[in-house]
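Subject: Structure handover

Hello,

Here is the structure I promised to pass on.

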Amino acid sequence: MDETMIRQHLDKIVEGIRAKDLEGLKKLYATDVVSFDVEPPLQHVGVEAKSRNWAKAFTFFQDVSYEIRDLAVTVGGDVAFGHCFGRLSGTLRNGTETSGMWVRGTFCFRKIDGNWLIAHDQASLPFDVASGRGVIDLEP
């Protein structure tokens, strides 16, 4: 049952991103969430910082989509974690379609007052050691 709730929770994240629903997204994170995203700074701390990060991403898109692939979830008591591949894509404000890039995603959950909330998330890209650049053309 808990795994089903967590998978539904991640479906709500996808729906919230597609709708650019910042208030709805805020409700899915713990107030003290720590987020390691693909853009600086090294971490975003707190739900307001996470929300500002989503708001910044949404400014680039007229229409936005998000998809998750290969989700795995493990639950133990009042904590759980999952990992997957995620891709943000859509139509940019200038009308250009973008297929985005695949990132590696990790989500850590805490059960707070009976609700599963994301306490930590991380999105990362592999990088080429020789050039020091992220590799953005890989697919799951």
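Helices and strands here are DSSP runs, numbered from the N terminus. Bear in mind that this is a predicted model.

**Helix α1**

Helix α1 covers residues 2-19. Its 18 residues should span 26 Å at 1.5 Å a residue, and its end C-alpha atoms are 25 Å apart, which agrees. The buried residues of α1 are I6, H9, L10, I13, V14, G16 and I17. Seen down the helix axis, these buried residues fall within an arc of 165 degrees, so they line one face of α1. E15 and A19, on the other side of α1, are exposed. Just after α1 comes K20, with a positive phi of about 55 degrees.

Helix α3 runs over residues 47-58. It has twelve residues and reaches 16 Å from its first C-alpha to its last, close to the 16 Å expected at 1.5 Å a residue. Its buried residues include V47, A49, K50 and S51. N53, W54, A57 and F58 are also buried in α3.

How many aromatic pairs does a search of the whole structure find? It finds one. The pair is formed by W54 and F58, with 5.7 Å centre to centre and 25 degrees between the planes. Planes under 30 degrees apart count as stacked, and the pair of W54 and F58 is stacked. Because W54 and F58 are four residues apart in α3, about one helical turn separates them. Both residues are buried.

Strand β1 covers residues 29-36 and β2 covers 44-45, and P41 is in the loop between them. The peptide bond from P40 to P41 is cis, with omega near 0 degrees.

D70 is found in strand β3, residues 61-76. Its phi is near 55 degrees, a positive value in a residue other than glycine. Is D70 buried or exposed? D70 is exposed, with a relative accessible area of 52%; the word applies because that value is over 50%.

Strand β4, residues 79-92, pairs with β5 in the antiparallel sense over twelve bridges. The hairpin of β4 and β5 has four residues between the strands, and G95 in the turn has a positive phi of about 95 degrees.

Strands β5 and β6 also run antiparallel, joined by nine bridges. F107 has D121 in β6 as its bridge partner. The hairpin of β5 and β6 has two residues between the strands. D113 is in this loop, between β5 (97-112) and β6 (115-124). Like D70, D113 is a residue other than glycine with a positive phi, in this case near 50 degrees. D113 is exposed, with a relative accessible area of 77%.

**Empty space**

Rolling a probe the size of a water molecule over the atoms shows where empty space is left. The largest pocket has a volume of about 610 Å³. Of the 28 residues that line this pocket, the closest to its centre are D37, V38, W54, L88 and V103. The elements that give two or more residues to the lining are α1, β1, α3, β3, β4, β5 and β6. Which of them gives the largest share? Strand β5 does, with six residues.

There is also one cavity of 30 Å³ or more. The largest cavity has a volume of about 30 Å³. It is lined by L22, L25, K26, Y29, V47, K50, S51 and W54. Helices α2 (22-26) and α3 each supply at least two residues of this lining, and α3 gives the most, with four residues.

W54 is a residue to look up in several places: it is in the stacked pair with F58, among the residues closest to the centre of the largest pocket, and in the lining of the largest cavity.

Regards

Notes. Residues are numbered from 1 along each chain as its sequence is written. This is a predicted model: local features need pLDDT of at least 70, side-chain atom pairs count only at pLDDT 80 or more; totals for chains, interfaces and linings use all residues. Side-chain values use heavy atoms; hydrogens and water are left out. Buried means under 20% relative accessible area, exposed over 50%, partly exposed in between (1.4 Å probe, protein chains only). Rings of Phe, Tyr and Trp (its six-membered ring) pair if their centres lie within 6.5 Å; planes under 30 degrees apart count as stacked, over 60 as edge-to-face and the rest as tilted. The expected span of a helix is 1.5 Å times one less than its number of residues. The arc is that of the directions from the helix axis to the C-beta atoms. Two strands pair if DSSP finds at least two bridges between them. On a 1 Å grid over the protein atoms alone, a cavity is a set of points where a 1.4 Å probe fits but cannot get out, and a pocket is an open set with protein on both sides within 12 Å along at least five of seven lines; lining residues have an atom within 4 Å of a point. Grid points are joined across faces, edges and corners, and a volume is the space filled by probe spheres set on the points.
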